[in-house]
Structure formats: C-alpha cells, structure tokens
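Have your viewer open and follow along.

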Amino acid sequence: MSAFKSGLVALIGRPNAGKSTLLNALMGEKLVITSPRPQTTRNAIRCIRTDKNSQMVFVDTPGVHRPNNRLDEAMKQAINDTLEDVDVSLYLMDSALKKSTPEDAYIQKIIKKKKAPVILVLNKIDQIPKSALLEKMSWAKEQGIFADIMPVSAVKSDGVDALIARIEALLPEGPMYFPDDMVIDKSERFIVSEIIREKALRYLRDEVPHGIAVEVTKMHARKGKHGKTVVDIEADIECEKKSHKGIIIGKGGAMLKKIGTDARQEIEAFLDKRVNLQLWVKVRPKWRDDDWALKDLGYRY
C-alpha cells in the first residue's frame, strides 16, 4: 500500500486564464465564482480535495497584473504569500493567446525563484487547433523550468483527471491536514458574498464590477412556516461612484432585482435552505485605495 500524500497546490496565472474554472473542475463541483471579467478572484481561496491516496489543498490566487491601487497590491501580496509554502504550483496559460505578456514574464520570474515543482497547464485547448497546441508545448519545453506540461480544457473537464494524477505524483508524503469532509476553508458568509458578487459581475457594465464589493451584514436562521428553516440575509453592494449606484439598481430597481433573484436561487442551493435575501447599494468612494475599507471588506489582514 502506497503512503498517503498531502500538500498545498497553488494556481497562478494572468487574469482570465481560467484558474477558478479549473479549480471547480478539479474539485468536481462549483466552489469558487467565475466570470469572463478579469480580477474576479480577489482572495486566496483554499479548496480541499481528499481521496484514499491524498489530500490536495488547492489555492486559487488573484490574476497577476500590474497594481493600480491598494486592492491590487493586496491581491499581489496574496499571491506572493501563497507561493512561499506550496508543494506544487499550477501555472495556467491561456493556450488560445498568441503572444506572451509582461504578466507572463513576471510569473515566470517568480517561478524560477521557487523550489516547488511547477506544472504548466495549457488551458482552453478546445479553442485552438492541434498544430497550435503542439507549438505551445514545444515552446514550453524549451523554457526548462516546468516539471510537466499538461493540456486541458477546464470548461469541459478535458485532461483534468490526468492533471490530478500528475499532481499526486509530485506531492510529498504527509498527513491529512483537514477533515475529509471539508472542501473549502471559507465561511458561509464569505461564500454568500461571493455568490452575490458573481451575479453582479455577470450583469453589470464593464466599468462597474472592478469598483464593487459585497459585505454580508446579517445572516440569521429562523423557523418559517411549517417548521422549515429560513435564512434571512442582508448584504450591501458597495460601489465607488454615485453614477454606479444608479446602474446597479437599474430602472425601477430591475437590475438589483435580477442580481438578487439569481443570487438567492444559488444561495438556497448552497445552504439547502429557503433564503430571504435583501440587497442594498451603498457608495463608498475610493474604497480600493482605503486600507481601512480593504480590511473591513476582508482584503487586508
């Protein structure tokens, strides 16, 4: 019988490389929010995958990009902190992109300084011809810094099983760090706030999402009709500009209602309980450059 393996596995890549989508595929269920917009992930989120042979603690990090404000700096620090103690790193590249970027160069610079093995994950292979994929793999081999090169399509879960097997092979022998029924290290409040933010990202204009945050101010379970549990949730969608507040609310409250309806349905599925969700929109000017606001919203510790 082979020894049990365990360790920390970081997902790193530029914005929109598909890290969160891959993490959900690796876990076999949706645990982190996804959207086509850059900078969807703001926190280092740990998801725990346990089977009879291993426990993989995946860390989904914010996308690497040039910092423009204190929130971006906090996100960059989250990446650096995560990579200090990892056992394996998954470096995601969008295989459909033709050119390397300064963000890619920065990531490769970080990788070269770390001792942990790095698997290059060429994502979105469903979007390119085989000849282009082979060219990418040839380039990757020439770099000489990757323990392996794994092509996948996270959205279709193609190649994910092979990637899991390769990660397990690289993990050190070790104990189970988390209970085998634990799958994420975040609180229910955090997950609820992320679900609400995901729906806002889905429906709002390009200029609004980067300037919003969600804070759950109340989450209380009570007995409803027929003895069934109802969870009352109140949350603030915070934005930086008064003009954004109007966009988030929408004409006659239509946009806020759309966000709330979609969020409530997913929160009910997550909690497996009926939910009474009430949303408010508040303006907090320049919160992304306010250390107190960032700490209050959970982006600095």
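Helix α8 (residues 254-271) has 18 residues, which at 1.5 Å a residue should span 26 Å, and its end C-alpha atoms, 25 Å apart, agree with that. The expected span here is 1.5 Å times one less than the number of residues, and helices (H or I, at least four residues) and strands (E, at least two) are DSSP runs numbered from the N terminus. This is a predicted model, in which local features need pLDDT of at least 70 and side-chain atom pairs count only at pLDDT 80 or more, while totals for chains, interfaces and linings use all residues. Residues are numbered from 1 along each chain as its sequence is written, and side-chain values use heavy atoms, leaving out hydrogens and water.

Now look at which side of α8 faces inward. Met255, Leu256, Ile259, Gly260, Ala263, Ile267 and Leu271 are buried (under 20% relative accessible area, with exposed meaning over 50% and partly exposed in between, for a 1.4 Å probe and protein chains only). Viewed down the axis of α8, these buried residues fall within an arc of 115°, so they line one face of the helix; the arc is taken from the directions from the helix axis to the C-beta atoms. Lys257 and Ala269 are exposed on the face turned away from that buried side. The cover over the buried residues includes α6, β7, β8, α7 and β9, where contact means heavy atoms within 4.5 Å. After α8 comes Asp272, with a positive phi near 55°.
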